[in-house]
Amino acid sequence: MTELNTTQLNDIRSKVLGAAGKVPGALIGLGILFIILGMIGISGQVLFSFVSINVLGIFLFAGGVLQGIHAFQSKGWKSVSIQLVFAVLYIVAGIYTWAFPLPALEAITLWLAAIFFITGFLRLVSAFQHRQFAEWFWLALSGAISILMGFLIMNSWPASSLWLPGLLIAIELLLQGWSLLFLGFAARSITK
């Protein structure tokens with residue numbers, strides 16, 4: 001195998017990592033921040049669930065306001081009234097989420113259970129469609145575990161609504177944090 005010179009390495013780094021690869025320190029910093037937030041979320045799942053639902057309420061409200069502004073600025077467009085209905089729905093959903101965080105968490109937990117059921121079923125279908133490959137079993141196992149997760153969530157609902165959304169978000173932050181951290185280390189090693 002031939003050795004790559006610095007120019008070739010930088011070219012590969014730019015192609016693989018894009019603009020993010022030019023600032024590995026930012027990737028490492030973001031990774032550490034996400035890991036810290038994930039650890040906070042795991043240690044305080046209930047608090048993290050309520051913080052997350054309030055952030056969702058902020059996004060819903062802001063999205064509704066922005067959609068309403070856009071609708072008023074789009075006079076002559078046939079869908080202005082539909083956009084205004086969406087804006088009102090987003091604003092009402094945001095306010096409801098702030099006013100009643102527990103029912104909102106319960107609804108999100110049911111939604112998560114439904115996602116686990118649906119993705120598990122689709123993975124099982126996909127696995128059986130690809131039985132000719134030796135690895136089809138792992139896809140089937142993944143589907144079965146997703147369906148099991150859906151049953152476990154439903155079995156402990158509504159009590160799981162307090163901690164499950166916060167735990168899943170915290171786990172996602174940890175995974176994303178480690179990914180960014182290792183990507184930053186990889187970008188740094190390529191530049192050296």
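How many aromatic pairs does the structure hold? In this predicted model, the structure holds four aromatic pairs. One of these is formed by tyrosine 96 and phenylalanine 100, whose rings lie 5.1 Å centre to centre with 45 degrees between the planes, a tilted arrangement. Tyrosine 96 has a relative accessible area of 41% and is therefore partly exposed. Another pair brings together phenylalanine 137 and tryptophan 138, with ring centres 5.4 Å apart. The planes of these two rings stand at 75 degrees, and because an angle over 60 degrees counts as edge-to-face, that is the label given to the pair of phenylalanine 137 and tryptophan 138.

How open to the surroundings are some of its members? Tryptophan 138 reaches 57% relative accessibility, and since exposed means over 50%, tryptophan 138 counts as exposed. Phenylalanine 137, at a relative accessible area of 44%, is partly exposed. Leucine 141 is likewise partly exposed, with a value of 33%. This leucine is found in helix H6, which covers residues 136-155.

Proline 158 sits in the loop between H6 and H7. The peptide bond that joins tryptophan 157 to proline 158 is cis, with omega at about 10 degrees.

The largest pocket holds about 250 Å³ of space. Which residues lie nearest the centre of the largest pocket? They are Ser52, Ile53, Leu56, Ile108 and Ile169, from a lining of 13 residues. Helix H3 (45-73), helix H5 (101-129) and helix H7 (164-191) are the elements that each give two or more residues to this lining. Of these, H3 gives the most, contributing six residues to the lining of the largest pocket.

Methods. Residues numbered from 1 in each chain as written. Predicted model: local features only at pLDDT ≥ 70, side-chain atom pairs only at ≥ 80, totals over all residues. Heavy atoms only, no water. Helix = DSSP H or I, 4+ residues; strand = E, 2+ residues; numbered from the N terminus. Buried < 20%, exposed > 50% of the residue type's maximum accessible area, 1.4 Å probe, protein only. Phe/Tyr/Trp six-rings, centres within 6.5 Å; stacked < 30°, edge-to-face > 60°. 1 Å grid on protein atoms, 1.4 Å probe; cavity = no way out; pocket = protein on both sides within 12 Å on 5 of 7 lines; lining within 4 Å. Points joined across faces, edges and corners; volume = space filled by probe spheres on them.
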